[in-house]
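Keep the structure open beside you as you go.

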Amino acid sequence: MAETAKKRATYEDLLAVPDGMVAQIIDAELVVMPRPASAHARSASRLGMDLGSPFDRGKGGPGGWIILDEPELHLRADVLVPDLAGWRRERMPELPHTPAFTLAPDWVCEVLSPSTQSIDRVRKMNIYAREGVAHAWLLDPNAQTLEVYQLSGEHWIRSGSWEGAATVRAEPFDAIELELAGLWER
């Protein structure tokens with residue numbers, strides 16, 4: 001018996017998702033999940049603050065970046081919402097007045113949750129590689145780990161991994177030291 005073809009998700013499907021949920025279109029499939037739990041949101045917020053001042057605002061660091069929380073990325077037929085994303089200002093000199101971005105970021109960070117980590121690690125990382133995102137971070141507040149990846153051709157190479165209270169310098173933000181312990185505080 002022939003298998004019925006799945007309906008390709010549309011942006012209208014995404015817009016119909018109730019408030020309080022995060023919706024993405026990944027490989028033509030509508031993927032819906034609840035908003036992140038507090039530990040997830042806290043780690044993402046703290047990382048955004050730690051990177052935003054020296055890199056986005058240029059205070060105590062080199063500047064040169066636009067860093068956003070949960071931007072909506074329209075990358076070909078996929079619609080992704082990373083926890084954090086950053087664009088080098090030479091590629092995006094000004095923040096466009098738009099609800100979504102078609103220019104792939106230079107860096108993304110996915111904060112892992114038990115229910116979504118396989119999507120983040122596999123499906124979304126494959127799309128980021130396809131789109132030429134140069135750097136990806138996977139932050140896990142439950143395991144208290146940071147994994148840093150660099151794109152080499154079409155494949156990710158893990159350039160470092162740290163845990164607990166480590167102080168790290170991680171590309172592309174290696175101009176500053178990042179204290180991981182502050183990302184796990186509740």
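**Exercise 1.** Sort the lining of the largest pocket by residue class, then find its volume and its central residues.

*Solution.* Step 1: the lining divides into 12 nonpolar, six polar and six charged residues (Ala, Val, Leu, Ile, Met, Phe, Trp, Tyr, Cys and Pro count as nonpolar, Asp, Glu, Lys and Arg as charged, the others, Gly among them, as polar).
Step 1: this pocket holds about 290 Å³ of space. (On a 1 Å grid over the protein atoms alone, a pocket is an open set of points where a 1.4 Å probe fits, with protein on both sides within 12 Å along at least five of seven lines; lining residues have an atom within 4 Å of a point.)
Step 2: of its 24 lining residues, Pro36, His40, Val111, Ser113 and Thr116 are closest to the centre.

Before going on, note that this is a predicted model, where local features need pLDDT of at least 70 and side-chain atom pairs count only at pLDDT 80 or more, while totals for chains, interfaces and linings use all residues. Residues are numbered from 1 along each chain as its sequence is written, and side-chain values use heavy atoms, leaving out hydrogens and water.

**Exercise 2.** Is His40 buried or exposed, and which residues does His40 contact?

*Solution.* Step 1: His40 has a relative accessible area of 8%, so His40 is buried (under 20%, with a 1.4 Å probe and protein chains only).
Step 1: beyond neighbours within four places in sequence, His40 contacts Asp83, Val111, Leu112, Ser113 and Pro141 (heavy atoms within 4.5 Å).

**Exercise 3.** Describe the second largest pocket.

*Solution.* Step 1: its volume is about 200 Å³.
Step 1: of 13 lining residues, Leu14, Met21, Val22, Ala23 and Glu72 are closest to its centre.

Conventions: Buried < 20%, exposed > 50% of the residue type's maximum accessible area, 1.4 Å probe, protein only. Points joined across faces, edges and corners; volume = space filled by probe spheres on them.
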